[in-house]
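Colleague: I'd like to learn how to read a few features of a structure like this one. Could you take me through them one at a time?

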Amino acid sequence: MDNLISQRKYLKSLYFFVFLATGFVTPFATVFYKHTLVNPDGTTADHLIGWIYFFMPLMGILANVPTGILADKLELGRHLITFFCFAVAVFTTLVGLSGSDLTASLSLEARFLWVFAAVMGYYIFSMPMVPTVDGETMTFLNKIGQRDSYGAVRVWGTLGWSIACIIMGLVLNHYYHLPLIFYSSSVAFLLLGVVSLRGLNFKRRASAVTIPWAHLKKDRLFVWFLVFSFLNGIMFAASFLYTSYFFDDVLETPFEMGLVFGTWTIFEIPIMFFSKPLIKKLGNRWLIVAGLLLNGIRLVLFSLFTLETPFFLKWAAATLQGAAFGMLHLGTIDFIDHQSHDNMKATYMNIGSLARITLASAVGGKMGAWIIASYGADSLMLVTGLGSLILILFFGVFVRGHGPTDRPGN
């Protein structure tokens, strides 16, 4: 019993610190690029930001699948997470330095190369981290017969994210030094590395686990789900990557931005915490459909906002993000766990992440930059919102998911 409690605490601490670290960066990164990559005439080099967001997720192709295979075959998930933490800390520091006084005399091209190289290093090590933690978590929960309790563990990541966003918004509101975004993340990743070290087992395995590739090859439903995840990921990436860019136009202060990002998780917390009854009542099918619907409504509402729109209305619409993401994420993890073999949890999670985040973010990042440059950030919110609503039909026809009475293997 003590060992089970210890394992739960370990996994909760991993989620808390990894989302604390990413919460310092992700909501504000586009603002950093927006004010760091500036043309000689003072305008933002939107095309360069687009190239960063195009190549950035492609780094996951080099890391996600190999990470999943190593984690499953050699049970090295926790060792890889620890290594990634310290590597990411180095690259987040380098990104922050690209926006400091050190680069003040550099040309736009030279500054872009610095930012580009550092961000690529950051992403090649950070992208496999969360799906690997998810794989470790689902492996543990399946072993103890509590696979539908994922949200109660993952909710600690939501808390870490909320705390980081609000803190960073307050800091930037009083001391507007954008490199602090990445320096703070670097410190958090170092702390995560130290926490992760506690859970390592350095005993050598007697033999490697045999990965049942035949299970993946015949899993046609998972292939359709990957197509859906790719399309949904494009909509999500194109909107989310540029949300801070959009907020920079329609919100008045960095504190308002941090407050919105930090509190739009309000409804995500109860959804994660009560994941067990929600999955039993709705299954992953209706969780995903509800998440798509709420996300579409949220983004369409965003497209109507201007600087003059009352802050409360902007905040209220933004809170739909927590409910939408919570449902979509719970449904996605439950679907992947349904389809995956017991010896392929990390592999399935990383392949799912490859479609949903890596490849989709490359397309969505470039598409978002093009729409913003051509029509404005409000048009990007409208297009992605309508896209999310249309995907409900695609999911219903080609995937459908699992109902509340379907059990793993059905």
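Modeller: Happy to! Let's begin with accessibility: a residue is buried under 20% relative accessible area, exposed over 50%, and partly exposed in between, using a 1.4 Å probe and protein chains only. This is a predicted model, where local features need pLDDT of at least 70, side-chain atom pairs count only at pLDDT 80 or more, and totals for chains, interfaces and linings use all residues. Residues are numbered from 1 along each chain as its sequence is written, and side-chain values use heavy atoms, with hydrogens and water left out.

Colleague: Is Asn173 buried, exposed or partly exposed?

Modeller: Asn173 has a relative accessible area of 35%, so it is partly exposed. It sits in helix α8. Helices here are DSSP runs of H or I with at least four residues, strands are runs of E with at least two, and both are numbered from the N terminus.

Colleague: And which residues does Asn173 touch, not counting those up to four places away in sequence?

Modeller: Contact means heavy atoms within 4.5 Å. By that rule, Asn173 touches Thr253, Pro254 and Phe255. Asp101, 72 residues from Asn173 along the chain, has its C-alpha atom 20 Å from that of Asn173.

Colleague: How do I read the packing of two helices?

Modeller: Two packed helices are described by the angle between their axes and the distance between the axes. The axes are lines fitted to C-alpha atoms, for helices over the stretch in contact, and the angles run from 0 to 180 degrees between N-to-C directions. Under 35 degrees counts as roughly parallel, over 145 as roughly antiparallel, 65 to 115 as roughly perpendicular, and the rest as oblique.

Colleague: At what angle do α8 and α13 pack?

Modeller: Helix α8 (residues 150-174) and helix α13 (residues 254-263) pack at about 175°, with axes 7 Å apart. The two are therefore roughly antiparallel. On the α8 side, the contact includes Trp161, Cys165, Leu172 and Asn173, and these belong to a group that meets α13 residues including Pro254, Phe255 and Phe261. By class, this contact has 8 nonpolar, 6 polar and no charged residues. For those classes, Ala, Val, Leu, Ile, Met, Phe, Trp, Tyr, Cys and Pro count as nonpolar, Asp, Glu, Lys and Arg as charged, and the others, Gly among them, as polar.

Colleague: How do the axes of α2 and α12 cross?

Modeller: They cross at roughly 70° and come within 7 Å, so α2 and α12 are roughly perpendicular to each other. Thr30, Val31, Lys34 and His35 in α2 meet Ser244, Tyr245, Asp248 and Asp249 in α12. The residues of this contact divide into 2 nonpolar, 3 polar and 3 charged.

Colleague: What about the buried side of a helix?

Modeller: An α-helix has 3.6 residues a turn, so residues three or four places apart point the same way. In helix α16 (residues 311-318), Lys314, Ala317 and Ala318 are buried. They cover an arc of only 100° around the axis, which puts them on the same side of α16; the arc is that of the directions from the helix axis to the C-beta atoms. The buried residues of α16 pack against α12, α13, α15 (275-302) and α17.

Colleague: Which residues are buried in α3?

Modeller: In helix α3 (residues 46-55), they are Asp46, Leu48, Ile49, Gly50, Ile52 and Tyr53. Their packing partners are α2 (29-36), α6 (108-126), α12 (243-250) and α18.

Colleague: Where is Ser340 found?

Modeller: Ser340 is in the loop between α17 (320-339) and α18 (345-375). At 9% relative accessibility, Ser340 counts as buried. The side chain of Ser340 makes a polar contact with the side chain of Lys345 (3.1 Å). A polar contact is a pair of N or O atoms within 3.5 Å; within protein, one must be able to donate a hydrogen and the other to accept it, and residues adjacent in sequence count only if both atoms are side-chain atoms.

Colleague: How far apart are the C-alpha atoms of Phe394 and Phe228?

Modeller: They are separated by 7.4 Å, although the two residues are 166 residues apart along the chain. Phe394 lies in helix α19 and is buried, at 18% relative accessibility. Leaving aside neighbours within four places in sequence, Phe394 is in contact with Trp224, Val227, Phe228, Leu231 and Val399.
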